[in-house]
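Hi,

Here is the structure I promised to pass on.

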Amino acid sequence: MELRQLRYFLTVVEEANFTRAAARLHVAQPGVSAQVRQLERELGQRLLDRSGRTVTVTEAGAAVLPYARAALAAVEGMRQTADEFTGLLRGRVTLGVVSGSATGVFGVAELLADFHDEHPHVEIALAEDTSERMLAALRAGELDVALVGPTTDAPPQGILWDIVVDEPLAAVVAEGDPLIAYAERHAAGSAPGLPLTALADRPLISLPRGTGLRAVLERACAQAGFTPRVAFEAAAPDLVAQLAARGLGVAVFPATETEAAELGLRALPFAEPGPRGRIALARRADGPQGPAAHAFLTRLQEALADGLAAEGSLADASTTGAKGRDDSGS
């Protein structure tokens, strides 16, 4: 029995597909199949069920899987212990991001490139998915850290998170939309802001189910007494804005009036307390496994802190500038 057989077997289980496993391992697919079959012959049991569209573990495979993981973890631990004497960092890091979460606060591509330059022996993987699936992947150990859209105040069991973005949602519409006049009438009253019930009979544009923003929208509408009529779904916030700009519906996402104006749109804030869009840096409660993942988490936290500080500085400068103009003109 060879370590590569265990590694190939584990990778096929994680990918549920021989072709994807081969691509991740950077080897030819027939080689992966041959090594897994050899492992099955040595153990005298079929470990994988290949009859369906996806590869699944058999009962014997499920029983063997923890031992395969433990064996590979032990070898990795030996390598890491030896590397500590030379200051070399090795391993694999997996980062998950929910659509649109990585562009507003920091640049994912730049972060990954910088980390790779400093630690060229660390393999880095990036996955974009819904918050629901990424939280499940964190618990299963398939992701080390993830940027998710929380839908609850407290994280799920076994997960820790830090809220890094917390913004009010707005109804974003094209110029001339009747919702603008409706919002202006309410702004003149005692309760400024657009009531959420104004969306009850309007087609909405939203991120897909499973994303934090979609869950927040659905929960807020349910509390207001109606079910949102989502006419268009788009995974990319830019596409959501484009659909709204063509008058296809009301988009609901975090946007200031200035940001919306740059896109030729109007952002109508909701009456307080309105729904909010949040992004959290999530990881397992017992922390990422291995020095590489720990180092990456530290770098990610620093990048997020720097990004938020820069945004705060810009906001402070803008506020100071506006105050200065007001004072000088009075």
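Predicted model: local features only at pLDDT ≥ 70, side-chain atom pairs only at ≥ 80, totals over all residues.

Residues are numbered from 1 along each chain as its sequence is written, and side-chain values use heavy atoms, with hydrogens and water left out.

The protein chain has 11 helices and 11 strands (DSSP runs numbered from the N terminus: H or I of at least four residues for helices, E of at least two for strands). It runs to 330 residues, 40% of them buried (under 20% relative accessible area, 1.4 Å probe, protein chains only). Of the contacts (heavy atoms within 4.5 Å) between residues at least 6 apart in sequence, 71% join residues at least 24 apart.

Now for the rings. There is one aromatic pair in the structure (ring centres within 6.5 Å). Phe115 and Phe296 make it, edge-to-face (planes over 60 degrees apart), at 5.2 Å centre to centre and 85° between the planes. Phe115 sits in helix 5 (residues 108-118) and Phe296 in helix 11 (residues 291-329), so to speak distant parts of the chain, 181 residues apart. Phe115 is buried at 1% relative accessibility, and Phe296 is buried at 0%.

Phe18, in helix 2 (residues 18-25), is buried too, at 10% relative accessible area. Beyond its neighbours within four places in sequence, Phe18 contacts several residues, including Val12, Val32, Leu48 and Val55.

Cheers

Note on methods:
Buried < 20%, exposed > 50% of the residue type's maximum accessible area, 1.4 Å probe, protein only. Phe/Tyr/Trp six-rings, centres within 6.5 Å; stacked < 30°, edge-to-face > 60°.
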